[in-house]
Amino acid sequence: MGSEFVQFSLTPILIGIFAAMACALPGNFLILRRQALIGDAISHVVLPGIVVAFLITGTVRTWPMLLGAAGAALVAVILIEAVRRLGKIEPGAAMGVIFTSLFAGGVLLLEQSDTSSVHLDVEHALMGNLEQLIWLRADGWGSLLDLVALSYLPPELTRMVIVFAIIAALTAVFWRPLKLSSFDEGFARALGLPVTLIGLGLVASAAAAAVAAFDAVGSIIVIAMFICPPAAARLMTNRLGVQVAWSLAFATLSAIFGYVLAGYGPLWIGAESSVSAAGMVAVVSGLILAAACLFGPARDRIGVAVGG
Amino acid sequence: MSGFLQALFLQAGYNAALVAVGAALLGFAAGAGGSFLFLRKRALVSDAVAHATLPGVGLAFIVMVALGGDGRSLPGLLIGSALSAWLGLLAVGWLVQRTRLSEDAAIGAVLSVFFGLGIVLLTVIQSMSQGRQAGLEGFLLGSTAGMLFQDAILIAGGGAVVVALIWLLRRPMTMVAFDPGFAAARGVDVRRVDLAMMGLVLAVTVIGLKLVGLILIVALLIIPPVTARFWSERAETVVWTAGVIGAVSGYVGAALSASAPALPTGPIIVLISAALFALSLLFAPARGVLASVLSRRAFQTRVHRRQGLLALSRAEPIHDPLTVKILHREGLMRADGVATDAGHAAGAKISRDERRWSIARKQHYDTALTGRYDGLTPIEDVFTADEIAHFDAALPRRV
């Protein structure tokens, strides 16, 4: 746990943690509203967004990419809603039609334009580059107090922390309306809450989390973190506040153990190279979910905790 | 363009023709098989199935290399993918039945975790010294360039078997898709039919891996059925229409991609089916957007015409611009707001019918008939001339 750890593993782990938490937070409410797959849809349509942003601006700088991705997510949400209403199609199928079509468009654009040379390929989009977000200027734990070294932190870390902070603040501020409209939409409407607006805001913040995390860690982590930690947390408790806390804890655990297992696990069993950190984080979150399914105190259908 | 036409008529070489026919068969099987999933409101299960194939592909490769093989034998990889997709399906079912998680959460959890595991295995394979892993990434997005004759035969044969099975099982699957309770009451084993349905989707997914890739096969399972639904209210018609739409997408897409080297097959096929979907959404005769706009307009016109004529018959001024426009256009009213002869006649008839209706609704206890009073249905359409004469007799005399 010396300087090498700080240099090569600390920042990826931190970025992973904040990305996982930023996705898990809105995921709690998406699961309650049976919109869990919105995260899946958004992370697929991010691809055409960043390709179009690249084609327009010609750079792979972060901000155009983020704007493109956010624009694509917005377009997808609008299109899904339009197809659902105009065609009177059930939400799942409408979502399937839109995100697969947009993803196909993204892949086509990618192959048509010569973007593969600039580190913009499908594999990268899926797997992210968590392993490469290292803090080269660090030379030990002392660097955490060294302002010069701190200024060389990977920008993804700052961005992810800011996005997480914003989403956490929004969740705290709108806690009551969010909770009411997620559990009982009719009641919330009767109280005069702007239910549609709350739903849109939730999807928008989910999209923001997805886009920011996608840039840093790839889409697999995004989809897994939207669903697995909140789903596992849902099996632990009947109280929303406790559930959110559990989901944040599970997200953190997945990020830490996933990264460590991916980076060091193969070495322990004698293999020489590491495996995909993004994939491993998803796998660990799945293992946590499996454990919650088998042992979670509130796992039953009836919704009453055992003994409580 | 000529290259496209050549490919379209199977003249662009043996390999291109092989791919086009294979894609058409796969598209047919996917469209028809996906229909039952869509009608059962489980379209996104195919998403989980498709993503769950990846770890199977990776494991199969590793096992085959460990046994001293090449690792890239297509049947081996397909068996592996089928096994892991089956596990994924079981996991979704288990989560939904045994825990309180809803189906969408179960689907999302399974697809992300299995996909993550698959990516981990792919990186393991990349670090393996033995085995030629090149081309394995093709399973993500599909690749037809390296398709061999055996692969095409596998796809075509598998597609044909799937279509035959769909034809055999169409009755019970339709019944279960629409009303599982009714199907169970009729003695259909719902669980088994569901399993068969999933098995077919799984087969289509596995067969389609090589051609369109695991991410885009979902599109072929969802888009054609949704498109077909615009064109028919009958389940069986939807199934076969979806098959045809899928086949056309596959065939035209493969031909297009054969005519231009930079057009990857999978995305093109998906985009063609998306285009067919968009056209259907807009222009389908009964459920399309254009049709519903037109029928709305027609309804609006009838309501406004009737209200306008009632106002004319009472010699009230009409202020609503749309009503004025309609009455004017149909020659029922002059520009200065005075009714024409035709307008007088039509107005008088409507207000007389209105009084007849009010008598009818007092006298007649057959609500199936009087219930058809909506202000727009002419009374002659509901009652016979004798009955109307009877109502007329009861009308209060006008002074």
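Predicted model: local features only at pLDDT ≥ 70, side-chain atom pairs only at ≥ 80, totals over all residues.
**View 1. Where chain A meets chain B.** Here we look at the interface itself: 59 residues of chain A are in contact with 56 residues of chain B. Together the two chains bury about 4,500 Å² between them, and carbon and sulfur atoms give 75% of that area.

**View 2. The side of chain A that touches chain B.** Helices that each supply at least two residues to this side include α2 (38-57), α3 (62-86), α5 (122-127), α11 (219-234) and α13 (277-295) of chain A. The most comes from α4(A), with 15 residues. Sorted by class, this side of chain A has 32 nonpolar, 17 polar and 10 charged residues.

**View 3. Two domains of chain B.** Chain B is divided into domain 1 (2-283) and domain 2 (290-394). Their C-alpha centres lie 55 Å apart.

View 4. An unreviewed UniProt entry places the feature "transmembrane region" at several stretches of chain B, among them residues 48-68 and 74-96. In the model, residues 48-68 of chain B are 90% helix and 0% strand, with end C-alpha atoms 32 Å apart. Residues 74-96 of chain B are 100% helix and 0% strand, and here the end C-alpha atoms are 33 Å apart.

Conventions
Residues numbered from 1 in each chain as written. Chains lettered and ligands numbered in written order. Heavy atoms only, no water. Contact = heavy atoms within 4.5 Å. Buried area = accessible area lost by both parts, 1.4 Å probe. Helix = DSSP H or I, 4+ residues; strand = E, 2+ residues; numbered from the N terminus. Nonpolar A, V, L, I, M, F, W, Y, C, P; charged D, E, K, R; others polar. Domains from an automatic or database assignment. UniProt positions renumbered as here; feature names shortened; annotations may be inferred.
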